[in-house]
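Please read them with the structure open.

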Amino acid sequence: MGLIQPIGTLDRTISKTAIVKLANEHADQIVDGGKYDLLKTYVEMKRYELYIKTIINRLKTISTYQARVMREEDQRPAPLPGQEIPADSESMANLPALTPLDGDGDFADQQAVVRQNTIQYASASVQITKRITYDFTQDAEWNRITDEIAALKVALKKREEFLKKQADTPAVTNETIAVRL
């Protein structure tokens with residue numbers, strides 16, 4: 001066994017809880033096995049974490065668009081017999097096809113299923129939601145309260161600096177390890 005499971009080797013039907021359990025068991029094997037310098041392994045894993053998160057963020061952008069198109073196609077009324085689909089309508093034709101990571105032949109049975117705002121794939125689901133944000137900066141009272149909060153934060157910082165200089169202020173020392181790549 002290597003340090004991590006190769007991509008495509010985790011069972012696609014495994015739950016999130018089971019993945020965490022598997023990862024903890026795997027970590028215990030790495031620690032107890034004594035084959036690795038754990039500090040060096042930790043640093044190397046942090047490098048992989050950055051690498052994987054970067055890939056995930058990039059894929060998220062593209063796959064989110066793909067999911068929206070899939071949802072729109074699923075919710076679009078089916079054309080009546082003899083009726084053509086308008087040529088200007090977006091379709092999956094211009095998107096990359098859904099393919100397996102590992103060339104698994106069983107993938108054909110696990111194509112994404114779209115139901116309203118949820119896309120099911122294996123045991124995972126992708127939920128498409130909308131969020132409304134508001135711009136309150138036009139309101140004078142909101143701005144006044146925001147300014148008051150900012151002034152209170154400055155006063156709190158000043159008070160904390162004063163208290164740090166007092167001999168009778170209790171202090172707790174925490175040691176942390178930071179890895180910078």
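1. First, a term. Contact means heavy atoms within 4.5 Å. Leaving aside neighbours within four places in sequence, Thr-41 is in contact with Leu-3 and Tyr-36.

2. A word on the basis of these notes. This is a predicted model: local features need pLDDT of at least 70, side-chain atom pairs count only at pLDDT 80 or more, and totals for chains, interfaces and linings use all residues. Residues are numbered from 1 along each chain as its sequence is written, and side-chain values use heavy atoms, with hydrogens and water left out.

3. Overall layout. The protein has 3 helices and 3 strands. Their order along the sequence is α-α-β-β-β-α. Helices (H or I, at least four residues) and strands (E, at least two) are DSSP runs, numbered from the N terminus. Take the contacts between residues at least 6 apart in sequence: 53% of them join residues at least 24 apart.

4. Accessible areas come from the Shrake-Rupley method with a 1.4 Å probe; for residues, only the protein chains shown count as cover. Buried means under 20% relative accessible area, exposed means over 50%, and partly exposed lies in between. By that rule, 9% of the 181 residues count as buried.

5. Back to Thr-41. This residue lies in helix α2. Is Thr-41 buried or exposed? Thr-41 counts as buried because its relative accessibility is 11%. A polar atom of the Thr-41 side chain lies 2.8 Å from the backbone oxygen of Asp-37. For reference, a polar contact is a pair of N or O atoms within 3.5 Å; within protein, one must be able to donate a hydrogen and the other to accept it, and residues adjacent in sequence count only if both atoms are side-chain atoms.

6. Salt bridges. A salt bridge is a side-chain nitrogen of Lys or Arg within 4 Å of a carboxyl oxygen of Asp or Glu. How many salt bridges does a search of the whole structure find? The search finds 7. One of them joins the side chains of Arg-47 and Glu-44, at 2.9 Å from N to O. Both residues lie in helix α2 (residues 38-75), 3 residues apart, about one turn of the helix. Arg-47 is partly exposed at 45% relative accessibility. Glu-44 is partly exposed too, with a relative accessible area of 31%.

7. Which residues are linked in a network of salt bridges? They are Lys-46, Glu-49 and Lys-53. Between Glu-49 and Lys-46, the closest N and O atoms are 2.7 Å apart. These two sit 3 residues apart in helix α2, about one turn of the helix. Lys-53 and Glu-49 meet at 3.4 Å, N to O. Lys-53 and Glu-49 are separated by about one helical turn because they are 4 residues apart in helix α2. Relative accessibility is 26% for Lys-46, 32% for Glu-49 and 48% for Lys-53.

8. A nonpolar patch. Ile-4, Tyr-48, Tyr-51, Ile-52, Ile-55, Ile-56 and Leu-59 make a nonpolar surface patch of about 660 Å². Patches are made of residues with over 30% relative accessible area and no salt bridge: like charges are joined within 9 Å, nonpolar side chains (Val, Leu, Ile, Met, Phe, Trp, Tyr) within 5 Å. Ile-4 lies in the segment before α1 (16-33). With 42% relative accessibility, Ile-4 counts as partly exposed.

Methods:
Buried means under 20% relative accessible area, exposed over 50%, partly exposed in between (1.4 Å probe, protein chains only).
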